[in-house]
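Reader: I have a model open and want to learn to read it. Where do we start?

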Amino acid sequence: MTNFDYFIDGGIILFYLTVTIAAGLYVRKLVTGVDDFLVAGRSLNLYLGIASLAATEFGIATCMANAELGFKYGFAGITPGIALTAAMFIVGWTGFGIKPLRDKGVVTLPELFQDKFGSRIRWAAGLVMVLGGLLNMGVFLRQAGNFLAIVCGFDMGYIEIIMTLILLGVAVYTILGGMLSVLITDYIQFVIMSIGMIITVSLFAIKFGWFDMLFKLREQLGDGAFNPFENGEYGLDRILLDILVAFAAVLTWQTIISRVLSAKDTKTAKKIYIGTSPFMVVRFILPAILGIAALYYFGPDKFDDTNSIFAMPTLIAEVLPVGLVGILVAAMLAADMSTNSSYMIAWSSIIYNDIMKPIHKGLWPDKKGLRWNRLLIGFIGVFLLLYGLWYPLTGDLWVYLQVTGTIYLSSISVLLVSSCYWKKANDWGAAAAIFTGAVIPISYLVFKEVEATQEFIYTIGPYKIGVFTYVSAAVAMYVGSKIKLIKQKI
Amino acid sequence: MGVLFWTILSALILIWYIIVTVKVTFKGGKDVMDMITKLKSK
């Protein structure tokens, strides 16, 4: 059952889509070269930077993942958001990692590694970043399809068509206008998304009664719903992984870093981080409140571990009135389109700038470079569609996002810190860190699908494996670098 | 205690978000225009 009205709510969504895509297409004429396409000519100012970064890091998949955390763990589920806020504020305030990165004027992170570790490491870093990034992004479309199908009342059989339409809408302006279109549409999307989320969360708090919701939450999940340290399901290993992922993400996640690289100078880049840092907790707490509202409305029995991700969209479909459903769907589409467009350009920029570098050696004319960047975005779109259709997501969505992100976050964060602050770091250590950081999480993803190893993998759990990956990558960098130094002395 | 803590924190975060949304809407709009002007003049 849904309150979605095709005429009123559909009209609101159609209006939003027309305005956004038109704005994205309007600026395409201003893109004259690869630099405009990938980093918007490095002309990003503070407030547009905040809007863009906030909109990028909030998509339908994030919203569903965080609402699921709220539904299952209450407020304890927003721990990753608190960790991200703290990490982004500290990095923005100190300039740790991002200052040397922006000062170098590179287009991507692997480009920074060339000077310190050589071209092979740049290539390997690019490869592992694209692998982790694309696997991470691979589940976005399906989650968006699930959300829209439930809220708008479409038959689940149409999910592939919905996914394709979302992708096409985003791909058109991203392919033509690159980062410039992404930034302009991000701004519109930030405004729509924020208005929709503020209205929806406030409405549920008033309709259900804020304190009624919270007292029922304590009744159903106990004190652990308010304190992750008292939550049996949210242990110390998970909190530690949240902190490690948070610092690694704000230092190296390409969609976040691309705002640093597009900023007009280092000072602006640092201010964008400080200004956006509280939003990192907003993107967790507002969806978590929707998850808590779903728990209040449906109780704990209607949704179990396999379908708890659908609790929040089902609540919206059943409770939000006509008109508001349209605003919220437009808000969620806004959030999703900004995320998809930024992610597509982030990964294509690495493929072009770092993986394909041995082919074009930076000598291709701008026109040819632009054509290839546009083609790459198209290829990424096709991959997303196929992967989204094929991959069967099991367990918490947020855990999947953390594990796939860890494929590169663990090693690339170690590489960034080492290249900026450890003189003795070298290519042997970098290669060992990249290999270790990628192999452990990929093995986890594979072995948890294999029947013979499934039980063993579940006994260890994703959090210990995640923490182990970060520690191993750092140790591998240290040991690898030391071995090369010793060998050189001999 | 937990209920009170999360009530205050949620309220503060929501108020911050509303203020930032208003500020970013106006100043971000100006940034968009500045960026377009700068790229047009190249």
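Author: Start with what a helix is here: a DSSP run of H or I, at least four residues long, numbered from the N terminus. Lys72(A) sits in such a run, helix α4 (residues 60-73) of chain A. Keep in mind that this is a predicted model.

Reader: Is Lys72(A) buried or exposed?

Author: Count the C-beta neighbours; 20 or more within 10 Å means buried. Lys72(A) has 24 inside 10 Å, so Lys72(A) counts as buried. Leaving aside neighbours within four places in sequence, Lys72(A) is in contact with Gly77(A) and Ser308(A). Lys424(A) is 352 residues away from Lys72(A) in sequence and 45 Å away in space, C-alpha to C-alpha.

Reader: How many residues of helix α13 (residues 254-262) of chain A are buried?

Author: Nine of the nine, so α13 is largely enclosed by the rest of the structure. Among the buried residues of α13(A) are Gln254(A), Ser258(A) and Arg259(A), along with Ile256(A), Ile257(A) and Leu261(A).

Reader: And what lies between buried and exposed?

Author: Take Phe215(A), in helix α11 (residues 210-221) of chain A. Phe215(A) has 13 other C-beta atoms within 10 Å and is therefore partly exposed.

Reader: How do I read a pair of helices?

Author: Two packed helices are described by the angle between their axes and the distance between the axes. Take α11(A) and α14(A): the axes come within 9 Å and cross at roughly 75°. That makes α11(A) roughly perpendicular to α14(A), because angles of 65 to 115 degrees fall in that class.

Reader: Which residues of α11(A) and α14(A) meet?

Author: From α11(A) come Met213(A), Lys216(A), Leu217(A) and Gln220(A); from α14(A), Ile292(A), Ala293(A), Leu295(A) and Tyr296(A). By class, this contact has six nonpolar residues, one polar and one charged.

Reader: Give me a second pair.

Author: Helix α7 (residues 109-117) and helix α19 (residues 397-421), both of chain A, have axes that come within 10 Å and cross at roughly 50°. That makes α7(A) oblique to α19(A). The crossing is left-handed. On the α7(A) side, Leu109(A), Leu112(A), Phe113(A), Lys116(A) and Phe117(A) take part; they meet Ile412(A), Leu415(A), Leu416(A) and Ser419(A) of α19(A). The classes are seven nonpolar, one polar and one charged.

Reader: Now chain B. What is its secondary structure?

Author: One helix and zero strands. The C-alpha trace of chain B spans about 60 × 15 × 5 Å along its principal axes. Of the 42 residues of chain B, 26% count as buried.

Reader: How many residues of chain A are in contact with chain B?

Author: 30 residues of chain A, against 22 residues of chain B. In chain A, α3 (46-56), α10 (159-208), α11 and α14 (266-298) each supply at least two residues of the side that touches chain B. α10(A) gives the most, with six. That side of chain A divides into 22 nonpolar residues, five polar and three charged.

Reader: What confidence does the predictor give?

Author: Where pLDDT is low, the predicted coordinates should not be read in detail. For chain B the mean pLDDT is 88, and 98% of its residues reach 70 or more. The complex as a whole is given an ipTM of 0.92 and a pTM of 0.84.

Technical notes. Residues numbered from 1 in each chain as written. Chains lettered and ligands numbered in written order. Predicted model: local features only at pLDDT ≥ 70, side-chain atom pairs only at ≥ 80, totals over all residues. Buried ≥ 20, exposed ≤ 12 C-beta atoms within 10 Å, placed from the backbone. Axes fitted to C-alpha atoms, helices over the stretch in contact; angles between N-to-C directions. Parallel < 35°, antiparallel > 145°, perpendicular 65-115°, else oblique. Left-handed = near helix turned anticlockwise from the far one by under 90°. Contact = placed C-beta atoms within 7 Å. Nonpolar A, V, L, I, M, F, W, Y, C, P; charged D, E, K, R; others polar. pLDDT = per-residue confidence, 0-100.
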